[in-house]
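User: Hi! I have a two-chain model open and would like to talk it through. Could you start with what counts as a contact?

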Amino acid sequence: MTPELSRRLNALALLVICGILIAAFIDQLVNFDLPCPLCLLQRVGLVAVGFGLCLNLVKGPRAHHYGIIVLGAVFGGSVSIRQILLHIVPGTGSYGDPFLGLHFYTWAGLAFFCVILGAALMLMFEKQFEYGDVQPAPFGGSALAKFAFVVILVLAAGNAVSALLECGPGICDDPPTDYKFLEQLEQAQ
Amino acid sequence: MIALLFALLTLAMLLVLWNRSTLAYIVFGVTLVLSVYWLQFHATSQLTIHL
């Protein structure tokens, strides 16, 4: 696998991560389904995976970049498993509406599993790490890589603003009922 | 606090773009530690489920 092909695959993977974050945002804004603290931490895991993918896009593929991707996925997967286990006992209810028969935290768990699997598979192709003496250009001149980077950057910043409005600088309500910080700001005016 | 985690990851991505990789790794490491702390906080908080 050439470094260029690897970068293209990383850009596609990053766009998939962006798609998951956009779907979560749509559910939040259109269905008014406020994310719980554990849901937000799963989004943190997705953005952390995105950070590792960004490293591959900007700096070129490296083994330790995949290590960062796996770290992000292990964290996010741990949060997902925690939330799945919270509701696994019959009668303990669930959080949010199911999508295609599964709740978002279950989908997130599957997504993190796929990320770890994908990173493991990518690490088997060692030729992607062979650049010779030439230092790879940022993004390798790929428009797809630049686009994916900008989208994840906007989504990460958007999640920071959204989480601030929902939780404020302190602890998030569990379960959240409204945009706590936004209401506090409105009351202060 | 969770907003801070997103903000730190955004900063880490910008640092990669600005060719400050070492600083980006440090920011990512700090974010990961804070995230684990926050997970531990929520994983051990009192549950609101009733059996």
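Analyst: Happy to! Two residues are in contact if their C-beta atoms, placed from the backbone, lie within 7 Å. Please keep in mind that this is a predicted model.

User: Let's step back. What is the secondary structure of chain A?

Analyst: Chain A has six helices and zero strands, so along the sequence the pattern reads α-α-α-α-α-α. The C-alpha trace of chain A spans about 60 × 45 × 25 Å along its principal axes.

User: How much of chain A is buried?

Analyst: Of the 189 residues in chain A, 40% are buried. As for contacts in chain A with a separation of 6 or more, 73% are between residues 24 or more positions apart.

User: And chain B?

Analyst: Chain B has two helices and zero strands. Among its 51 residues, 35% count as buried.

User: Back to α2(A) and α3(A). At what angle do their axes cross?

Analyst: They cross at roughly 170°, and the axes come within 8 Å. Angles over 145 degrees count as roughly antiparallel, which is why α2(A) is described as roughly antiparallel to α3(A). The crossing of α2(A) and α3(A) is left-handed.

User: Which residues make that contact between α2(A) and α3(A)?

Analyst: From α2(A) they include L38(A), L41(A), G45(A), V49(A) and G52(A). From α3(A) they include Y66(A), I69(A), G72(A), A73(A) and G76(A). By class, the contact of α2(A) with α3(A) has 14 nonpolar, nine polar and one charged residues.

User: What about α5(A) and α6(A), how do they cross?

Analyst: The axes of α5(A) and α6(A), the latter being residues 180–188, come within 3 Å and cross at roughly 65°. The two helices are therefore roughly perpendicular to each other. On the α5(A) side the contact is made by L164(A), L165(A), E166(A) and C167(A). On the α6(A) side, K180(A), F181(A) and L182(A) take part. This contact of α5(A) with α6(A) has five nonpolar, no polar and two charged residues.

User: Last topic, α1(A). How far does it reach from its first C-alpha to its last?

Analyst: α1(A) covers residues 3–30, 28 residues in all, and reaches 40 Å. That is close to the 40 Å expected at 1.5 Å a residue.

User: Which residues of α1(A) are buried?

Analyst: They are S6(A), R7(A), N10(A), A11(A), A13(A), L14(A), I17(A), C18(A), L21(A) and A24(A).

User: Why would positions three or four places apart turn up together?

Analyst: An α-helix has 3.6 residues a turn, so residues three or four places apart point the same way.

User: And what covers the buried residues of α1(A)?

Analyst: The cover includes α2, α4 (104–122) and α5 of chain A. One more detail: α1(A) is followed by F32(A), which has a positive phi, near 55°.

Technical notes
Residues are numbered from 1 along each chain as its sequence is written. Chains are lettered from A and ligands numbered from 1 in the order in which they are written. This is a predicted model: local features need pLDDT of at least 70, side-chain atom pairs count only at pLDDT 80 or more; totals for chains, interfaces and linings use all residues. Axes are lines fitted to C-alpha atoms, for helices over the stretch in contact, and angles run from 0 to 180 degrees between N-to-C directions. Helices (H or I, at least four residues) and strands (E, at least two) are DSSP runs, numbered from the N terminus. Angles under 35 degrees count as roughly parallel, over 145 as roughly antiparallel, 65 to 115 as roughly perpendicular and the rest as oblique. A crossing is left-handed if the near helix is turned anticlockwise from the far one by less than a right angle, and right-handed if clockwise. Ala, Val, Leu, Ile, Met, Phe, Trp, Tyr, Cys and Pro count as nonpolar, Asp, Glu, Lys and Arg as charged, and the others, Gly among them, as polar. The expected span of a helix is 1.5 Å times one less than its number of residues. A residue is buried if 20 or more other C-beta atoms lie within 10 Å of its own, exposed if 12 or fewer, and partly exposed in between; C-beta atoms are placed from the backbone.
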